[in-house]
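Have the viewer open as you read.

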Amino acid sequence: MAEKRTAGAQIKEIAERLGVSQSTVSVVLGGRGDSVRISKETQKRVQDMAREMNYRPNIYARRLRHAEEEVPYVIAVFWRMDNLNSRIGRFIRGLYEAAERKKCRVEMVIQPYKPGELMAHADMLSGNRISGAIISGLSTADQQELEKGEYSVPIILIERESARFHCIIMDTYRTGEQCIAYMAAPEVRTAAFIGFDNNNRSERKMEAGFAYGCRDRGIRVKEDWNAYLECSSYENGYGAAEKVLANVELPSAWLVADCRLAGGILDCIHDRGLRIPEDIRLIFFEDSEILKYNKPPLSSVDVPAYEMAETALDIVLPAGYQQMDIPIRRELAPLYFIRESSGKQ
C-alpha cells in the first residue's frame with residue numbers, strides 16, 4: 001500500500017510542478033498520450049519530469065488491487081518473430097532461475113514482433129505496465145526508430161550497440177574468426193558461409209570475422225560459394241548444401257548460421273558420398289542437444305543465453321529504482337562446443 005500512495009503522490013506532484021491536470025500525467029505515464037491527443041511537447045515534459053523525480057509506476061495496480069502483495073517487477077521481453085528458436089526458451093529460463101536465486105518476484109511478458117514493426121508496441125515502453133524491457137533481434141530500421149523516442153522504463157538491447165540504452169553483446173566478429181581457427185588445418189584451403197538474407201547485424205559481423213580469419217590463414221572464401229536462405233528448414237539446409245557442393249572447387253570448411261539446418265546439410269553431404277570431417281568440416285551457430293548425437297557429433301558455437309538473462313536482470317532491477325544516466329554495456333564470451341565435425345577436439 002505504501003508503493004501505491006507514493007505513486008499517487010508523485011503523479012500529483014508532477015502535475016503541480018508542470019501546471020497540468022493529474023489525469024493528463026496519468027494518461028501520459030500510462031502510454032496513452034497519443035490516443036487522447038495530448039501534444040508531443042506535453043508528453044515530453046511529463047516524461048522528463050517523471051524521470052527527474054525518479055517516478056516509479058504502480059505496475060498492474062488495478063489488476064492487483066485486491067491482492068495481498070503487489071508484483072514488484074514486470075519485465076517485457078521483445079523477441080523477433082523470425083528468430084523464435086530454442087534461444088528464447090533458454091533466455092526465459094535464465095531469467096526465471098536468476099530471479100529465484102535473487103529471491104525477487106518477477107513477472108514476464110513475452111512480446112513477439114515482426115522485423116520493422118517493433119514500434120507498434122512502443123506504448124508498452126512509456127506506460128506504467130512494466131518495470132523494464134529487454135529487446136532482442138533489432139534490425140537497423142527498428143533501432144533507428146527506437147532511438148527517436150522518450151521512454152519511462154529502462155531498456156536493454158541484446159546483441160545491439162547503443163550510446164543511449166543498456167546493451168549486452170557478444171563479439172560475433174571474433175566468434176567468426178575463432179570458428180575458422182577450430183577448423184583450420186593444412187588440408188583446409190577453401191571455406192564457405194551459410195546464412196540468411198535477413199537484416200541481422202550480428203550474423204553479418206560473424207560472417208565478416210569468418211572471412212577475415214580465413215584470409216589470415218590463406219584459406220579462400222568466394223562470395224559465389226556462400227549460400228543465403230530465407231528461413232531455417234530441412235529443405236533449405238539440403239538446398240544450401242547442394243549450392244555449395246555444386247562448385248567445381250569444393251569448400252572444405254563451412255560455418256552455418258543456424259543448427260536447424262543441420263539435418264538437410266548432413267543428408268546432402270552423405271548423399272554425395274562425402275565424409276565429415278575428412279572432406280568437409282562443419283561448425284553450426286546455436287547449440288542443440290541433438291548435435292552431439294549425430295554421427296559424427298557436430299561442433300557448434302552458442303550465445304550464452306543464461307548469462308545474458310542474468311546480466312539483464314542485474315541491470316534492470318536497480319534501474320527500476322533509480323535514474324541511470326549512463327547506459328551499461330556488458331560483453332559476454334560465446335560458448336564453444338567443439339566436437340568431431342570440425343576436425344579438432
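## The big picture

First things first: this is a predicted model. The protein has 10 helices and 13 strands. Of its 345 residues, 52% are buried.

## Helices α2 and α3

Start with α2, which covers residues 22–29, and α3, which covers residues 40–52. Their axes sit 10 Å apart and the packing angle is about 85 degrees. That angle falls in the 65 to 115 range, so α2 and α3 are roughly perpendicular to each other.

On the α2 side, the residues that do the touching are Thr24, Val25, Val28 and Leu29. Across from them, α3 brings in Thr42, Gln43, Val46, Gln47 and Ala50. Sort the residues of this contact by type and you get 5 nonpolar, 4 polar and no charged.

## Helices α6 and α7

Now move along to α6 (residues 172–183) and α7 (residues 201–216), whose axes are 6 Å apart. They pack at an angle of about 40 degrees, so this pair counts as oblique. The crossing is right-handed.

From α6, the contact takes in Thr172, Tyr173, Thr175, Gly176, Glu177, Ile180 and Met183. α7 answers with Ser202, Lys205, Met206, Ala208, Gly209, Phe210, Tyr212, Gly213 and Cys214. By type, the residues of the α6–α7 contact come out as 8 nonpolar, 6 polar and 2 charged.

## Asn226, a loop residue

Where does Asn226 sit? Look in the loop between β7 (220–221) and β8 (227–229). Is Asn226 buried or exposed? Its relative accessible area is 4%, and the cut-off for buried is under 20%, so Asn226 counts as buried.

One of its polar atoms lies 2.8 Å from the backbone nitrogen of Phe193, and a polar contact of 3.3 Å joins the side chains of Asn226 and Tyr228. Leaving aside residues up to four places away in sequence, Asn226 touches Ala192, Phe193, Glu207, Val221 and Lys243.

Methods:
Residues are numbered from 1 along each chain as its sequence is written. This is a predicted model: local features need pLDDT of at least 70, side-chain atom pairs count only at pLDDT 80 or more; totals for chains, interfaces and linings use all residues. Side-chain values use heavy atoms; hydrogens and water are left out. Axes are lines fitted to C-alpha atoms, for helices over the stretch in contact, and angles run from 0 to 180 degrees between N-to-C directions. Helices (H or I, at least four residues) and strands (E, at least two) are DSSP runs, numbered from the N terminus. Angles under 35 degrees count as roughly parallel, over 145 as roughly antiparallel, 65 to 115 as roughly perpendicular and the rest as oblique. A crossing is left-handed if the near helix is turned anticlockwise from the far one by less than a right angle, and right-handed if clockwise. Contact means heavy atoms within 4.5 Å. Ala, Val, Leu, Ile, Met, Phe, Trp, Tyr, Cys and Pro count as nonpolar, Asp, Glu, Lys and Arg as charged, and the others, Gly among them, as polar. Buried means under 20% relative accessible area, exposed over 50%, partly exposed in between (1.4 Å probe, protein chains only). A polar contact is a pair of N or O atoms within 3.5 Å; within protein, one must be able to donate a hydrogen and the other to accept it, and residues adjacent in sequence count only if both atoms are side-chain atoms.
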